[in-house]
Amino acid sequence: MTLPWRRPADSPMETTGGGDSELSLIPRWAILLAIVVFAATQYLFHEVLPHGRHEMLPMRIIMGYSSGTAFASYVLLVGYVSRDVRRRKMSAGLWMLLVILMPGGIGAVVYFLLRQPVLSRCPNCTTELAADFHFCPQCQFQMAPACGQCFRSVQITDVYCVQCGHDLAQDQTPARLRAYRD
Ligand SMILES: [Zn+2]
Ligand SMILES: [Zn+2]
């Protein structure tokens with residue numbers, strides 16, 4: 001299972017997000033609550049639940065440990081979503097409710113499938129930009145290297161556009177390099 005905070009490698013402008021790791025999004029209350037939940041689960045398994053004579057101690061330790069880990073992870077996940085939902089400008093109340101109430105983490109799966117991309121800001125005029133914008137809609141600041149002819153995105157190292165074959169060196173102050181000038 002891949003970790004939910006691991007983003008696909010193709011999301012381009014991650015560097016403008018401030019460089020914080022995704023894990024640092026998890027708020028402190030969620031970490032503390034996760035520890036409490038884990039400890040409470042251990043207590044439940046070893047002290048509260050009746051111990052059958054046939055039941056073996058190693059089995060009980062494993063059960064307690066795995067359930068505790070699952071519950072604690074769930075708390076961390078809810079904590080992560082509570083922060084993540086805000087920086088994506090999505091409805092926090094609705095999504096928190098969904099993630100908490102849908103059984104077996106289904107709400108979280110739905111959340112990770114449907115969540116909006118993180119908005120970044122134009123370095124020039126601070127307009128909010130979606131991750132796939134090549135240019136700022138307000139000031140035309142170039143966010144990603146683009147072909148000077150078809151304006152689709154290209155790699156900074158490309159010599160020809162992979163979409164239209166345009167010779168990228170012909171672009172005056174090559175359009176693909178404008179964002180990286182000075
Ligand atoms: Zn701008
Ligand atoms: Zn092109």
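**Entry 1: helix α1.** I looked up the length of helix α1, residues 28-48, in this predicted model. At 1.5 Å a residue, its 21 residues should span 30 Å, and the end C-alpha atoms lie 28 Å apart, which agrees. The expected span is 1.5 Å times one less than the number of residues. Helices here are DSSP runs of H or I with at least four residues, strands are runs of E with at least two, and both are numbered from the N terminus.

I noted the numbering: residues count from 1 along each chain as its sequence is written, and chains are lettered from A and ligands numbered from 1 in the order in which they are written. As the model is predicted, local features need pLDDT of at least 70 and side-chain atom pairs count only at pLDDT 80 or more, while totals for chains, interfaces and linings use all residues.

Entry 2: I asked which residues of α1 are buried. They are A30, A34, F38 and T41. Seen down the axis of α1, these buried residues fall within an arc of 85 degrees (taken from the directions from the axis to the C-beta atoms), so they line one face of the helix. An α-helix has 3.6 residues a turn, so residues three or four places apart point the same way. A residue is buried with 20 or more other C-beta atoms within 10 Å of its own, exposed with 12 or fewer, and partly exposed in between, the C-beta atoms being placed from the backbone. On the face turned away from the buried side I found the exposed residues R28, W29, L32, V36, A39, E47 and V48. The buried residues pack against α2, residues 57-87.

**Entry 3: the cores.** I then turned to the largest nonpolar core, which has 15 residues. Such a core is a set of buried Ala, Val, Leu, Ile, Met, Phe, Trp, Tyr and Cys residues joined through C-beta atoms within 7 Å. V78, V81 and V99 have the most contacts inside it. Helices α1, α2, α3 (92-101) and α4 (106-114) each supply at least two residues of this core, and the largest share, 7 residues, comes from α2. Leaving aside neighbours within four places in sequence, V78 is in contact (C-beta atoms, placed from the backbone, within 7 Å) with A30, V99 and I100. Apart from this core lies another, of 5 residues, among them C147, V154, C161 and L168.

**Entry 4: R121.** I located R121 in strand β1, residues 120-121. R121 is partly exposed, with 13 other C-beta atoms within 10 Å.

Note on methods
Contact = placed C-beta atoms within 7 Å.
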